[in-house]
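Please look over the sequence and the structure below.

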Amino acid sequence: MKKKEPIEISYDQKREADIQLRSLQKQIDYDTKDYPIEVIVSKFKRGEFFIPEYQRKFVWKDKHKTSFIESVLLGLPIPFMFFGDCNDGRMEIIDGAQRVQTLSAFVHDELVLSSLPKLTKLKDFRFSDLFEGQQRKFLNKTLRVIVLEESTPPEIRQDIFNRINTSGIKANEAEIRRGSYPGKLTDFIDKCAKNDLFIKLCPVTKSQEDRHERFELLLRFFAYVNEYENFDHRVGDFLDDFLIKNQNTFDEASYLEDFERTIKFVSKYFPFGFAKSKTATTTPRVRFEAISVGVALALRINPNLKVKSVDWLYSDEFKKHTTSDASNNQGRLKARVEYVRDQLLKDAVYD
């Protein structure tokens with residue numbers, strides 16, 4: 001493709017752009033304030049901090065509310081909120097409405113904590129169930145707020161809300177897990193994800209690589225190969241639970257043996273590795289799960305396994321097992337990994 005020639009910008013265009021920049025820059029002036037949660041909640045209850053009409057349709061689910069409260073209790077950094085001064089002395093909440101409402105609900109015992117990844121002992125707690133010392137710590141924690149001056153026009157305020165909530169790329173579950181659950185197992189999976197042979201067998205796009213797709217695939221491998229028969233609920237919760245439970249207690253030697261033995265076998269017998277074709281640039285998760293876990297399970301039964309072929313890879317039955325990602329269905333997961341295991345053992349050859 002012919003490289004596009006850069007457009008030459010004239011002096012008049014630069015001058016007009018500068019005038020526009022200066023005009024809009026003058027419309028945005030702000031201050032930075034740190035408010036204790038106790039102040040935020042009390043001002044919200046009195047209506048001094050209020051939610052404008054244009055964002056009242058945005059509502060968090062309970063799991064998001066609980067996750068946010070857990071982050072506050074743990075003392076994790078909380079993103080800035082954006083408020084705007086009004087001529088009646090109140091402040092509209094431009095960005096942060098769900099956080100403020102969640103804080104208010106928790107402090108007033110209107111939120112019951114559930115499904116906390118780390119603070120598992122707080123399940124079913126309300127704010128009043130905490131010891132008074134923990135209540136005071138929570139109420140005294142400060143959150144940073146960017147306060148736009150009263151002169152900021154309404155259209156600029158709404159534009160800020162739209163930009164915050166529609167631009168940028170949210171962290172995916174793999175990124176969140178790596179950041180939320182540091183420890184021995186997380187480091188081990190990270191190291192395995194950088195294995196040269198594994199990288200060769202498991203193609204992913206540059207974007208997927210940057211967002212730790214191989215970490216996600218290997219977490220699924222270790223979780224399913226060890227506990228697939230216990231999987232009976234949402235895959236995200238299952239992986240979180242597995243990572244938390246085994247973080248510093250897993251048997252690294254046996255995990256490494258499963259991993260290395262599996263990728264060597266796949267490299268020897270599967271012409272395209274975990275991918276669907278020689279030129280594939282991605283590795284479907286459901287296909288990876290079926291092959292990797294099925295191979296590992298077969299090798300646990302017969303560590304010296306050799307097979308005459310893997311022609312079943314092209315069968316309608318294998319396609320049926322790996323066409324749709326029914327990873328939140330225990331029966332489908334069990335069927336596909338055991339299908340691969342059983343095919344390998346059935347086709348075994350002996351010297």
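## Basis

This is a predicted model: local features need pLDDT of at least 70, side-chain atom pairs count only at pLDDT 80 or more, and totals for chains, interfaces and linings use all residues. Residues are numbered from 1 along each chain as its sequence is written, and side-chain values use heavy atoms, without hydrogens and water.

## Nonpolar cores

The largest nonpolar core holds 55 residues. Such a core is a set of buried Ala, Val, Leu, Ile, Met, Phe, Trp, Tyr and Cys residues joined through side-chain atoms within 4.5 Å. Buried means under 20% relative accessible area, with a 1.4 Å probe and protein chains only. Ile189, Leu218 and Phe222 are among the residues with the most contacts inside this core. Helices α8, α9 (196-201), α11, α12 (235-246), α13 (252-269), α14 (285-301) and α16 (330-346) each supply at least two of its residues. Helices are DSSP runs (H or I, at least four residues), numbered from the N terminus.

A second, separate core has 31 residues, including Ile37 and Phe49.

## Helices α8 and α11

The axes of α8 (residues 184-193) and α11 (residues 213-227) come within 9 Å and cross at roughly 115°. Axes are lines fitted to C-alpha atoms over the stretch in contact, and angles run from 0 to 180 degrees between N-to-C directions. On the α8 side, the contact includes Phe188 and Ile189; on the α11 side, it includes Leu218 and Phe222. Contact means heavy atoms within 4.5 Å.

## Histidine 321

Histidine 321 sits in helix α15 (residues 316-322). Histidine 321 counts as buried because its relative accessibility is 17%. Leaving out residues up to four places away in sequence, histidine 321 touches Val286, Ala335, Arg336 and Tyr339.

How values were computed:
Buried < 20%, exposed > 50% of the residue type's maximum accessible area, 1.4 Å probe, protein only.
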